[in-house]
Amino acid sequence: MGSEGQRGPAAARGSGQGDPRALRRDCQHRIFVNRSLALEKIKCFGFDMDYTLAMYKSPDYEELAFALLLEHLVAIGYPPEILAYKYDPTFPTRGLVFDALYGNLLKVDSHGNLLVCAHGFRFLKGAEILHYYPNKFIQRDDMKRFHILNTLFNLTEAHLYACLVDFFTNCSRYVNCDTGYKHGNLFMSFRSMFQDVREAMDHVHLSGCLKEKTLENLEKYVVKDPRVPLLLSRMKEVGKVFLATNSDYTYTDAIMSYLFDFSNEDKADVPQRPWRSYFDLIVVDTRKPLFFAEGTVLRQVDTDTGKLRIGTYTGPLQHCAVYSGGSSDVVCDLLGVKGKDILYMGDHIFGDILKSKKRQGWRTFLVVPELARELQVWTEKSELFEELRSLDLFLAELYQHLDSGSSERPDISSIKRRIQKVTHEMDMCYGKMGSLFRCGSRQTLFANQLMRYADLYAASFINFLYYPFSYLFRAPPVLMAHESTVEHSHRDSGDAGTALPPWLAQHGDPHQQVPQDSSGEEEDDGEA
C-alpha cells in the first residue's frame, strides 16, 4: 500500500538528500495512495453517509445492534439463554468469511488460502483444520457457501455467528454434527442459522428499530466533529459536492442536522447554515450497489413531510433539493461531470468502492476507521516485524550455498515454530482475529481488495483537511518480485549490490507491491 504522495519541488529542494520521512505528515493525518491522483483534477466530491460522514461510536453502536439482533432471534424461537452473550469488540474484524456448511469463521488471503479458522470462539489448529479443509484452501467463488463479511455493519454479524456456534456446541440439549445440531427430531444446519441471522440483520436495519434507538441518543452513538462542515465548505469552494446514501430521508436529515449543528458551540469555525446547503446534490434510498448499475426510479423528496413525490423526476438540478433512488449515471448528468472527475468516498469495499470504480470509473477513497489502531500496533510493535524479517534472512543463509546437487538438508523446524510464534504474537496485538490487513507476512483478502480498488484510503475523510486541493498523490513504483529482490549495479564501477536510487527509496519499502485496478490502468498525473 502506497505512500502519501509528494509535496512538490520546493520541499524536495529544501530537504536535499535528507531523510524523506521528515517530509511525511503525522501518520494519523495521512492519506495513503494506491494509485496516483491529482486532487486539482477532481471536479466533484461524493460521499456516503453511514460510517463515512457519520462515524458511529465503537463499541457502543455495535453493542446496541448486537442486543437488537439477539432480541429478534429469541422472538423467532431461539433459546433465551443466548441473551447472556455480550458484544466483544476484540473478537471480530472485517473481511472474515462465514462457511455456511461447517459454521466456521475464516480469515483468508486473496487466493482463498486459510490464515485463521475459528469454530465459535475456539480457534482450530492443524489436523482439525485439515478435517474441514484438506488443502487449507476454499473456493471463494462458491457464494452459496462462503459469505464475506466486509462492512462495518458486519462486525456484529460475525460476532453473532461465533456466539451461536459457541452456545449450541456447548449446550447439552443439542447433539453436535459436522454441518449443524440435532435436537430430538429437529436438525438445525449452519446454513439455516446463517439465513436466520441475515433475516435478523435485515429486520434490525429495515424495520427502523436500530435507527430509532440511535436517534434517541445521538450523543452516545454518533461522533460529532466540527471539522466536517469546515472541510465540506472548503470542498464546495473548489468543486461540486454530493451525498449518496442508502438511508431514507428522515433518518438522513436527523443525522446530518446533528452533525452540522454547532449553534451551542462557542468556537464554531464555520457560520451556522442548513446542512443541505453544503451539498450540490443529495440522493437518499440509493440501494447501492444497484445504484452503480441500472439504478431505480429517481423521485423528488418533499423535505417538509419526508414523503416522495409521485412520478419520475426529469427536471434540472434544484438547489438544496433532495432526491430518492436514481443511479450514478443520473448523478453525473445532473452535476455535469463524468467518471474520473468524481472522487467518491465510502466505507463499503463492495457497495461503495468496487462498483463505483469498475462500472463508472470514479476515483475512489476508502474510509478505514480501523487504520488508527493498525498504525498504532505497526509502530509500537516494530520489533516483532523486524524479527520476522530476521528469521527470513536466517532461512536464506541456511540455503545460500546449497544447490540441486546438495545432499544436506538443513533442519528448519525450530525456525518455522518461531515464525509461527512471532506471527501469533503479532496477531494478538490487534485482536483475537488479528490484523485487518495481514497475518504475519501474508496479506488478507480485505487488504488485497483495498489495494486493488481504492485509489486512496485513510482512517477518515477528514484527513483531506491536511492537504491542499492542488496536491498530487503519488503512488510508489509497482515492483515485481524479481525487481524488488534483485539490486541494481553501478555501471561505472562494476560493483553489484547497490542501494536503490533516492527517487525510489523515498517511496518506502521497495518490497511492497501495489496491484493495479481491474482495468489495469495507471494515472499519468505528474508523469512527463
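Does Y344 count as buried or exposed, and at what relative accessibility? In this predicted model, Y344 counts as buried because its relative accessibility is 0%.

## Aromatic contacts

The structure holds 39 aromatic pairs. One of them joins Y132 and Y133, whose ring centres are 6.1 Å apart and whose planes meet at 45°, so the pair is tilted. Y132 counts as buried because its relative accessibility is 16%, and Y133 counts as buried at 2%. The limit that applies to both residues is 20% relative accessible area, under which a residue is buried.

The rings of F242 and Y344 also have their centres 6.1 Å apart, but their planes stand at 15°, so this pair is stacked. F242 belongs to strand β12 (residues 240-244) and Y344 to strand β16 (residues 342-346); the two residues are 102 residues apart, and their pair links distant parts of the chain. F242 counts as buried, with a relative accessibility of 0%.

The two pairs are set out below.

| Pair | Distance of centres | Angle of planes | Class |
|---|---|---|---|
| Y132 and Y133 | 6.1 Å | 45° | tilted |
| F242 and Y344 | 6.1 Å | 15° | stacked |

An aromatic cluster is formed by Y78, F167, F168, Y174, Y181 and F190. Rings also take part in contacts with charged side chains. The charged end of R25 is placed over the ring of Y467, at 4.1 Å from the ring centre. In another such contact, K224 lies over the face of F262, and the distance to the ring centre is 5.0 Å.

Strand β4 (residues 96-99) runs antiparallel to β5, and 3 bridges join the two. Here D99 has N104 of β5 as its bridge partner. The hairpin of β4 and β5 has 4 residues between the strands, and G103 takes a positive phi near 75°.

β5 also pairs with strand β6 (residues 114-119), in the antiparallel sense and over 5 bridges. In this pairing, the bridge partner of N104 is H119 of β6. β5 and β6 form a hairpin with 5 residues between them, and G112 in the turn has a positive phi of about 95°.

## The second largest pocket

The second largest pocket has a volume of about 1,500 Å³. Its lining comprises 47 residues, of which T151, N246, K288, P289 and H348 are the closest to the pocket centre. The elements that give two or more residues to this lining are β8 (146-149), α4 (154-170), α5 (190-206), α6 (209-216), α11 (349-360) and α15 (445-453). The most is given by α11, with 6 residues. By class, the lining of the second largest pocket has 17 nonpolar, 14 polar and 16 charged residues.

Technical notes: Residues numbered from 1 in each chain as written. Predicted model: local features only at pLDDT ≥ 70, side-chain atom pairs only at ≥ 80, totals over all residues. Heavy atoms only, no water. Pairing = 2+ DSSP bridges. Phe/Tyr/Trp six-rings, centres within 6.5 Å; stacked < 30°, edge-to-face > 60°. Buried < 20%, exposed > 50% of the residue type's maximum accessible area, 1.4 Å probe, protein only. Lys NZ or Arg CZ within 6 Å of the ring centre and 35° of its normal. 1 Å grid on protein atoms, 1.4 Å probe; cavity = no way out; pocket = protein on both sides within 12 Å on 5 of 7 lines; lining within 4 Å. Points joined across faces, edges and corners; volume = space filled by probe spheres on them. Nonpolar A, V, L, I, M, F, W, Y, C, P; charged D, E, K, R; others polar.
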